[in-house]
Each structure stands twice: as C-alpha cells, then as structure tokens.
Amino acid sequence: MIVFGSTGSIGVNALKLAILKNLHISALACGGNIKLLNKQIERFKPEFVCIKEAKDRHLVKHKNVFVGQEGLERILELSSDTLLLNAIVGFAGLKSTLKAHKLNKKIALANKESLVVAGEFLKGANLIPVDSEHSALNALLKERQNVKKLYVCASGGAFFKLKTKDLKSVKPSDALKHPNWSMGSKITIDSATMANKLFEIIEAYHLFNIKEIDAFIEPKSLLHALCEFQNGATSAYFSKPDMKLAIAEAIFDTHEFEILPPLDFVKLSHLKFHKISLKKYSLFTLKNALLNNPNLGVIINAANEVMVEKFLKQKCEFLDISKGVFKTLDHFGEPKIRELEEVFEYDRKVREYCENFSFIV
Ligand code: NAD
Ligand code: MG
C-alpha cells in the first residue's frame with residue numbers, strides 16, 4: 001500500500017492496521033512532521049518517501065526522497081502497489097487522487113476534499129470511502145436496491161452543547177476539543193462549523209450517485225449512517241467511534257477478523273437524534289445549493305480552508321469562517337466548470353480573494 005498523509009490521524013491509524021496484517025508499505029508521504037516520518041521509515045522501510053517542502057529534505061532519513069505534488073505523482077508512477085490510501089488533508093490531496101485514478105489504482109479515500117472540489121472528474125474511479133459515514137453507507141448499500149434516501153450522521157462537533165450566541169467568543173483551543181473523535185485540526189474545526197457534514201453530503205452524492213441525502217445529529221457518534229428504502233424500511237450502521245474500522249474496510253480485502261469490539265446495546269443509556277440547526281450551523285444551509293450545483297464545491301472548499309487557517313492562527317473569529325464562505329460565494333457567483341484546469345484556477349482565485357479579507361479580532 002502507498003500511504004499519503006502518513007503522519008496524520010488517519011495515516012497513523014492505517015499504519016497500525018498495516019502492522020496487524022503485515023501489509024507491505026511501498027511509500028510514505030507527509031507535510032511537515034519529519035520526526036514521525038523518520039520513525040515510520042525505520043519501521044516500514046518504504047522504497048519511496050515524499051515530503052511537502054525541499055527545505056526539510058536533509059532531515060529525512062531515506063535515500064529516495066521526493067518533494068511536493070510532483071513528488072507524490074512520481075511515486076504513484078514508480079510504485080507497483082495498486083492501492084493508495086490518500087489521507088492528505090485539504091485541496092492538497094486532489095492531484096494524488098487524480099493521478100492514482102489515471103493509473104487505475106484503487107484509492108482508499110480519506111481526502112474527501114477531492115470529491116468536494118472535483119467529483120465530476122473522478123467518475124469511474126475505483127474509490128473506497130474511508131470516511132466513517134460513507135464506509136457505513138457502502139456496507140448498507142451492498143446488494144440492496146430500491147434505495148430511497150441516505151442519511152449521514154453528525155456529532156454536532158465541539159460546540160453542540162453551546163447556544164448560537166455563545167459561539168462569538170470561542171477560541172481555537174475550544175473548537176479543537178471534539179467530544180468523540182480524535183482527528184486532525186482542519187476536520188475538527190469543520191465538524192464544529194458543520195462544513196464537514198456539508199462536504200460529506202456531496203461526497204455521498206459523488207460516491208453513490210444519489211441526491212436524496214440528508215444529515216442529522218447523533219451526539220455520541222455511535223450511529224454513522226442510515227439507508228431508507230422505498231418500502232418504508234430503514235437500515236442503520238452502528239459502531240464505536242474509531243476510524244480503524246472504516247480504514248480497515250477500505251484497505252483490506254477480507255473482513256472476517258475483529259477490528260473493534262462491538263457495541264453493547266443493552267448498556268447504552270440512550271440515543272438521541274437532533275435536527276441540524278441552520279441558525280447555529282449556517283454553512284449547512286448550502287446543502288441544496290451544493291447538490292444542485294456541485295461546482296460550488298471548489299469555491300466553498302477553498303474559502304473554508306483559508307478561513308479555518310485564519311481562525312486557527314487567531315486572525316479571525318469562529319463565526320467569521322462561515323461569514324467568509326458566504327462572502328466569497330456572493331463574490332464568485334455560480335461557477336460553470338467544464339475542464340479540470342478550471343478547478344485549480346478557481347481554487348487559486350478564491351484563496352487569493354479570501355486571503356485579503358481583513359477581520360478585526
Ligand atoms: P491530519 O491533519 O491529522 O493529517 C493530514 C496529513 O496530511 C498529515 O500527514 C500531513 O503531514 C499531510 N499533508 C498535509 N499537507 C500535505 C501536502 N501538501 N503533501 C503531503 N502531505 C500533506 O488530518 P486527518 O484528520 O488525518 O485527515 C486527513 C483526511 O482524512 C482529511 O481529508 C479528512 O477530512 C479525512 N478524514 C479524517 C477523519 C479522521 O478521523 N481524522 C475522518 C474522516 C475523514
Ligand atoms: Mg465523516
């Protein structure tokens with residue numbers, strides 16, 4: 001297996017599973033955490049390694065170090081492994097997904113942003129979702145027909161228990177305290193704003209080719225997805241909130257051994273379900289617009305990435321993230337994207353536009 005984003009939350013879990021099944025790792029790639037990368041190199045002895053920036057090259061303990069997006073693409077060409085786990089965060093993961101698709105590799109896709117921004121250009125790709133909700137849907141939809149509607153479940157993020165008016169003064173350290181999942185910082189903020197669930201709706205649309213899809217909150221993250229059928233039946237997928245299950249489903253061919261202990265339903269005190277408040281999670285109001293024009297994904301994603309970065313650096317407030325996204329959408333209108341190059345062009349233009357917002361904190 002080729003593992004991109006190996007030092008992140010998903011990457012680290014995937015490598016734990018690789019040890020369990022003695023899976024050969026031909027390549028590792030990451031952004032900045034060279035210390036952890038070196039440990040992984042020592043443990044897995046990959047043929048190829050890629051890092052984000054050339055300035056770190058001398059720190060990497062490996063003979064075959066590639067750099068940047070070109071390095072990632074070159075590794076995909078050189079490695080004979082046919083499975084890529086793409087766990088890079090953000091738009092930076094797109095080129096690897098596209099290249100792996102071009103090379104007919106199987107892609108265990110954690111990088112949902114690839115589908116958010118360029119789902120139309122990934123039609124026919126051999127994608128296996130790593131996102132827990134989509135892994136759940138994959139299982140629920142196996143050999144089933146007459147599907148009416150799909151649901152992905154949300155946790156509500158770090159501020160589920162807060163009132164909308166209290167969101168004004170929250171700090172990055174508060175937003176990074178996710179109640180159920182231990183994840184990278186970008187997706188943890190996306191959970192608090194509900195951008196993550198918005199992205200997962202469009203991710204599900206591209207993966208399962210269905211527009212009837214919605215989300216609601218289950219604060220314990222024990223229920224991951226529902227599938228509603230024409231006959232009025234609904235099937236549900238429960239598990240403990242641990243990404244190893246979804247990763248294992250995506251990277252292993254056989255699924256007969258236990259990854260997690262099952263839930264003990266008798267011991268569960270209660271499960272509650274909540275509507276997503278559009279006042280509190282205003283980004284979720286974009287759901288229908290995004291489903292009606294998936295091209296909006298590139299605008300929303302780029303604006304969101306810039307705003308999340310600003311919030312994490314305390315250059316804007318939490319509520320400015322959604323304000324920034326809406327302001328950007330107003331500015332760019334409805335994009336009509338016909339060529340893949342336009343995705344990269346829009347991403348660049350939107351970032352340029354958003355970087356220049358000034359917010360008074
Ligand atoms: P993370 O921040 O913990 O890790 C991101 C990884 O990407 C790191 O290894 C980082 O070094 C690497 N990276 C960043 N920029 C890079 C670049 N330009 N080139 C090469 N490597 C680069 O993030 P995460 O939580 O592991 O999430 C990774 C992806 O999986 C995201 O798209 C996220 O939405 C998705 N995902 C994560 C979870 C989860 O539980 N963590 C669940 C569902 C989906
Ligand atoms: Mg998810």
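Two residues are said to be in contact when heavy atoms of theirs lie within 4.5 Å, and that idea will guide this tour of a predicted model.

Begin by selecting Asp131, which you will find in the loop that runs between strand 7 (127-129) and helix 6 (132-141). Now show what surrounds Asp131: leaving aside residues up to four places away in sequence, Asp131 touches Leu109, Lys112, Glu200, Glu203, Met243 and Ala246. Is Asp131 buried or exposed? Its relative accessible area is 8%, and because buried means under 20%, Asp131 counts as buried.

Next, select Lys112, one of the residues touched by Asp131, and display both side chains, between which there is a polar contact of 2.9 Å.

Then move to the magnesium ion (ligand 2), and ask which residues coordinate this ion. They are Asp131 (OD), Glu133 (OE) and Glu200 (OE), at 2.1 to 2.2 Å, and along the sequence these donor residues follow the spacing D-x1-E-x66-E. Asp131 lies in the loop between strand 7 and helix 6, while Glu200 belongs to helix 9 (residues 195-208), so the pair ties together parts of the chain that are 69 residues apart in sequence. If you select Asp131 and Glu200 together, you are looking at two residues that are both buried.

Finally, select residues 127-208, where UniProt, in an unreviewed entry, places the feature "domain: 1-deoxy-D-xylulose 5-phosphate reductoisomerase C-terminal". Over this stretch the chain is 45% helix and 13% strand, and the C-alpha atoms at its ends are 11 Å apart.

Technical notes:
Residues are numbered from 1 along each chain as its sequence is written. Chains are lettered from A and ligands numbered from 1 in the order in which they are written. This is a predicted model: local features need pLDDT of at least 70, side-chain atom pairs count only at pLDDT 80 or more; totals for chains, interfaces and linings use all residues. Side-chain values use heavy atoms; hydrogens and water are left out. Helices (H or I, at least four residues) and strands (E, at least two) are DSSP runs, numbered from the N terminus. Buried means under 20% relative accessible area, exposed over 50%, partly exposed in between (1.4 Å probe, protein chains only). A polar contact is a pair of N or O atoms within 3.5 Å; within protein, one must be able to donate a hydrogen and the other to accept it, and residues adjacent in sequence count only if both atoms are side-chain atoms. Donors are N, O and S atoms within 2.8 Å of the metal (3.2 Å for Na, K and Ca); water is not among the atoms, so sites may look incomplete. UniProt positions are given in the numbering used here, feature names are shortened, and annotations may be inferred rather than shown by experiment.
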